[in-house]
Amino acid sequence: MDSDTVCICIPDKEVFIPLLRLVLGGMAMRKNVCYDDLDDLQLAVDDLLANRRPNGGQICMTVRVEGCQLDITVEAVIDDELCKRLEVASVETATEEEPAVLDTCRLLHSLMDGYEVQELSAGRYSIRMTKTCG
Amino acid sequence: MRLSETWGRPVDTKPRWDPLQPQLSELSEKELLRRIHVEHDQEAREELITRYLPLVRGLARRFASRGQPVEDLIQVGSIGLIKAIDRFDSERGVELSTYATPTIMGEIKRYFRDKGWAVKVPRALQDLNVKLNRVIERLTAELNRSPTIADMAAACEVSEEEVLEALESGRAYNSLSLYVGGSGDEDDSFEILDYLGNEEGAYEVVEQRRFLAPAMERLEERERLILHLRFFEGMTQTQIAARVGISQMHVSRLIRKAIEVLRQEMVPETEQSSGGVAA
């Protein structure tokens, strides 16, 4: 199956974050993703990046589209503790008995079909999120 | 800004009491208006403003929970009242209160609009953003699904890139505001005000859940409901919009606003523990 990939790297500054949303929107647009799904994708990336720890480096985002599936990989310096929790939560299934906690883990769980976390170097993580649209 | 500063002309404070003349407070509204417009009587104007200040206060209080001090809103609304009094034409056959209400509201909305945009966004994009809000709602009903960017572009007769830009420009808008962009014409904008007073039965469902974290108390009932439906019941924005009775774009804004509020509240806790907001 054909796949298309777009990569963008931006300075780790708030003012450049909208560029990521526009690229995400551009890719979603070309795959006829509906507004509901597009907003989910953008919110997931926004929330993840709200937990970043800017160090003067770069944020890189790769969007890969294959059929109806979008893979979004974000690489940035992100809060260590959050990434550890994401790592655990990505392979766990929430149970009804657990208190429902609305944090980034829950947001990603609701907005995306799945995600995985990989530590690239000290403090710099790669978070790959997938969602099937349409 | 003080109310008195808006009147333009100095107020004559010399007493003009005449036992043979009725007190201003005893005069009819019609007579006060005649004195204002024919005799340019400042005291009559002041009297009429005073009589209508409760209306201004009442209207301002409707916006009380929207992030701006009520006193500021009363001052802004008072400007609308003064404009209404000065422009009122008795020959039109309507009551001053009928005429003044939209003018006062318009002034308050304009205030929120001006406060709302966090960064400079071209007016054309603001207008397209407002238009998209309605178009998304209409297309969702017509297509029975959430519209694509291409659907929206076709409906608005603009390019898909323009739609993306307009949607992005909406992020620059402070969602605490009542006004979500537009040309400033009261009839041509979508406003939260339109939904004030709407009740949603399902709020009780959310209230029954244990909101363990104080952060949740910072949110309005409707925001808690929307977060619950989206992140714990798995409903889509379109479904939530239909259920709560607001537009999909508005749901999106409220979700982002609520998450931002929670995030701000969470900062100290996150530093101490792994945290999270119980819902």
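Predicted model: local features only at pLDDT ≥ 70, side-chain atom pairs only at ≥ 80, totals over all residues.
Chain A and chain B bury about 2,900 Å² between them, with 56% of that area on carbon and sulfur atoms. The size of an interface is often given as the accessible area lost when the parts come together. On the chain A side, the residues that lose the most area to chain B are A:Met29, A:Tyr35 and A:Leu102, which together make up 26% of what that side buries. The contact draws on 30 residues from chain A and 39 residues from chain B.

Let us look at what holds polar atoms together across this boundary. Across the interface, 14 residue pairs are in polar contact, both partners having pLDDT 80 or more. There are also five salt bridges between chain A and chain B. In one salt bridge, the side chains of A:Arg30 and B:Glu161 meet at 3.5 Å, N to O.

Which parts of chain A supply at least two residues each to the side that touches chain B? They are helix H1 (17-30), H2, H3, S4 and H4. The largest share, nine residues, comes from H2(A). Sorted by class, the side of chain A that touches chain B has 14 nonpolar, five polar and eleven charged residues.

Helix H2 deserves a visit of its own. Helix H2 covers residues 35-49 of chain A, 15 residues in total, and spans 21 Å from its first C-alpha to its last, close to the 21 Å expected at 1.5 Å a residue. Is this helix mostly covered or mostly exposed? H2(A) is mostly covered, as 15 of its 15 residues are buried.

Side chains of opposite charge can pair when their charged atoms come close. Over all chains, the structure holds 25 salt bridges. One of them joins A:Asp103 to A:Arg85, with the closest N and O atoms 3.0 Å apart. This pair links distant parts of the chain: A:Asp103 sits in the loop between strand S4 (101-102) and helix H4 (104-111) of chain A, while A:Arg85 belongs to helix H3 (residues 80-91), 18 residues apart. Both A:Asp103 and A:Arg85 are buried.

B:Glu31 has a relative accessible area of 22%, so it counts as partly exposed. B:Arg34 is partly exposed too, because its relative accessibility is 36%. B:Arg34 also makes a salt bridge with B:Glu39, their closest N and O atoms lying 2.9 Å apart. With a relative accessible area of 42%, B:Glu39 is likewise partly exposed. Elsewhere, salt bridges that share partners join A:Arg21, A:Asp39, A:Asp46, B:Glu168 and B:Arg256 into one network.

Our last stop is A:Thr130, in strand S6 (residues 124-132) of chain A. Why does A:Thr130 count as buried? Its relative accessible area is 15%, and the cut-off for buried is under 20%. Setting aside neighbours within four places in sequence, A:Thr130 is in contact with A:Gln69, A:Leu70, A:Asp71, A:Met112, A:Asp113 and A:Gly114.

Technical notes: Residues numbered from 1 in each chain as written. Chains lettered and ligands numbered in written order. Heavy atoms only, no water. Helix = DSSP H or I, 4+ residues; strand = E, 2+ residues; numbered from the N terminus. Expected span 1.5 Å × (residues − 1). Buried < 20%, exposed > 50% of the residue type's maximum accessible area, 1.4 Å probe, protein only. Salt bridge = Lys/Arg side-chain N within 4 Å of Asp/Glu carboxyl O. Contact = heavy atoms within 4.5 Å. Buried area = accessible area lost by both parts, 1.4 Å probe. Polar contact = N/O pair within 3.5 Å; in protein donor to acceptor, adjacent residues only side chain to side chain. Nonpolar A, V, L, I, M, F, W, Y, C, P; charged D, E, K, R; others polar.
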